[in-house]
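Please look over the sequence and the structure first.

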Amino acid sequence: MSLALLGGTPAITWQPRIYNPIGEAEIAAANRVLHSGTLSDFIGAAGDKFVGGKEVLEFEKSIKRFFGVKHAISVNSLTSGLICAVGAIGVEPGDEVIVSPWTMCASATSILIWNAIPIFADIDPLTFNLDPTSVEACITEKTKAIVVPSIFGLPADLERLQAIARDHGLRIIEDAAQAPAVVHNGKYVGTFGDIGGFSFNYHKHIHCGEGGVCVTDNDELAERMRLIRNHAEAAVVDDGITNLANLVGYNFRLGEIEAAIATEQMKKILPLVDARFQQGTRLNRGLSGLEGLEVPHVEALASQTPPGSAHAFYMYPLRLQGLPCSRERLVAALRAEGVPGVCERYVNVHRLPMYQKKLAYGSQHYPWSDVNARKDIDYQLGICPNAERLQDGDYIALSICQYEFNETEIDDIIGAFQKVWRHLDAL
Ligand SMILES: *Cc1c(COP(=O)(O)O)cnc(C)c1O
């Protein structure tokens with residue numbers, strides 16, 4: 001059988017079904033709120049309703065219970081949540097926050113919003129997560145925090161990053177958008193840092209349309225995040241708070257319908273994430289023998305307490321090593337065989353035009369031109385060689401979170417890879 005790209009018959013003939021975790025319980029919850037007529041119950045001033053309505057509070061309670069945390073602060077996206085988190089830890093203009101270049105752009109823009117400077121440390125090419133050695137090398141007297149994604153759902157090297165943060169007096173903000181219900185050394189990803197955040201955006205494992213939540217055990221950080229979420233500057237006046245005049249507030253409030261849907265989604269989180277984990281590990285077993293293809297690293301799950309997965313497989317990432325053909329041809333061949341969701345790059349945040357031009361606000365290079373900012377901030381090609389090599393050639397992925405696959409379909413995908421691998425020399 002010859003390759004579909006070269007005129008043969010495709011290995012896969014079925015169309016993938018789109019992932020949809022929304023069921024009757026979510027529909028009933030949304031209807032219940034609609035019938036109540038109260039679609040949001042926040043008020044942007046001190047008082048009972050400063051922290052939201054019934055459904056918002058119920059959702060936050062379910063998060064606190066599941067993750068075993070003291071505070072949950074719901075928001076209308078995790079982009080908003082990360083802005084709350086960076087604002088809560090407190091940064092001065094020109095301060096530096098270390099972040100991964102291999103993440104969604106909001107991990108870094110949340111830093112810029114507060115006029116602080118994102119500093120990109122390189123990633124470990126096996127895990128796609130921050131390399132602690134590179135993080136340590138990025139620390140200067142200006143560094144205040146590290147934003148730590150557990151990208152694609154694989155836990156970052158959280159213990160080593162915590163040790164580095166402790167040694168240098170830094171805060172850790174965990175961007176756990178892609179790693180809900182992922183267990184690492186007996187704890188949920190997102191609960192290692194000073195603050196952790198999860199996304200309930202449509203494209204994530206569990207969703208409510210748009211939404212997010214931040215978790216913390218720290219009372220003061222929680223209070224500051226609640227203020228930023230809900231018009232801080234107006235609320236502090238009524239509350240008699242005098243030491244927080246410098247907190248710019250937003251409207252990051254989650255609606256009641258979304259909160260009610262999110263509460264229902266939380267009840268399903270374990271089976272939904274586990275299904276993805278099973279698919280990823282099945283792919284790993286089927287693809288691990290192919291030469292020049294490195295399957296994703298999965299941690300051994302040391303214990304089932306708390307219940308969860310070792311990897312959430314938001315993406316199923318693969319590293320190419322010394323193939324006889326180009327990535328472009330490989331991807332074309334896989335797509336022609338009918339493999340769904342093949343991606344050939346992810347992101348190098350430091351290479352986005354905003355960083356290359358150092359233009360975030362206006363035309364005068366703010367905040368990099370701030371008097372307090374270090375003048376030698378470098379975003380040139382070469383600062384994150386592992387991330388750049390992956391982006392430019394060594395990385396492909398399957399966006400398996402977009403689809404619903406059964407075991408037969410996963411095996412068909414494995415079969416399509418095996419077929420392409422038998423014909424690599426023809427590409
Ligand atoms: C999705 C995502 C976000 C942002 O979440 P939203 O809820 O869409 O704003 C942040 N970080 C990472 C790693 C993400 O994947």
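An oxygen atom of the ligand lies 2.8 Å from a polar backbone atom of Leu78. The model is predicted. The protein covers 93% of the 380 Å² of accessible area that the ligand has on its own. The ligand sits in the largest pocket.

**Ligand contacts**

- At Leu78, the polar atom that comes within 2.8 Å of a ligand oxygen belongs to the backbone.
- At Thr79, the side chain takes part: one of its N or O atoms is 2.6 Å from an oxygen atom of the ligand.
- Lys204 also uses its side chain, with an N or O atom 3.0 Å from a ligand oxygen.

**Shell around the ligand**

- The ligand has 14 residues around it.
- Those that come nearest are Thr79, Asp175, Gln178, Ser199 and Lys204.
- By class, the shell holds 4 nonpolar, 8 polar and 2 charged residues.

**Largest pocket**

- The pocket that holds the ligand contains about 340 Å³ of space.
- Its lining is made up of 25 residues.
- Nearest the centre of this pocket lie Met104, Ala177, Gln178, Ser199 and Lys204.
- Two or more lining residues come from each of helix H3 (78-89) and helix H4 (106-112).
- H3 gives the most to this lining, with 3 residues.
- The lining splits into 12 nonpolar, 10 polar and 3 charged residues.
- Gln178, Ser199 and Lys204 are among the residues nearest the pocket centre, and they are also among those that come nearest the ligand.

**Cavities**

- Where is empty space left? Rolling a probe the size of a water molecule over the atoms shows this.
- A search of the whole structure turns up 2 cavities of 30 Å³ or more.
- Leu126, Thr127, Phe128, Ile151, Phe152, Leu154, Pro296, His297, His311 and Pro317 form the lining of the largest cavity.
- That lining has 7 nonpolar and 3 polar residues, and no charged ones.
- The second largest cavity has a volume of about 30 Å³.
- Phe67, Pro180, Phe198, Ser199, Phe200, Ile206, Met266 and Ile269 line the second largest cavity.
- By class, these are 7 nonpolar residues and 1 polar residue, with no charged residues.
- Ser199 lines the second largest cavity and is one of the residues that come nearest the ligand.

How values were computed:
Residues are numbered from 1 along each chain as its sequence is written. This is a predicted model: local features need pLDDT of at least 70, side-chain atom pairs count only at pLDDT 80 or more; totals for chains, interfaces and linings use all residues. Side-chain values use heavy atoms; hydrogens and water are left out. A residue is near a molecule or strand if one of its heavy atoms lies within 4 Å of it. A polar contact is a pair of N or O atoms within 3.5 Å; within protein, one must be able to donate a hydrogen and the other to accept it, and residues adjacent in sequence count only if both atoms are side-chain atoms. Accessible areas come from the Shrake-Rupley method with a 1.4 Å probe; for residues, only the protein chains shown count as cover. On a 1 Å grid over the protein atoms alone, a cavity is a set of points where a 1.4 Å probe fits but cannot get out, and a pocket is an open set with protein on both sides within 12 Å along at least five of seven lines; lining residues have an atom within 4 Å of a point. A molecule sits in a cavity or pocket if more than half of its atoms lie within 2 Å of its grid points. Ala, Val, Leu, Ile, Met, Phe, Trp, Tyr, Cys and Pro count as nonpolar, Asp, Glu, Lys and Arg as charged, and the others, Gly among them, as polar. Grid points are joined across faces, edges and corners, and a volume is the space filled by probe spheres set on the points. Helices (H or I, at least four residues) and strands (E, at least two) are DSSP runs, numbered from the N terminus.
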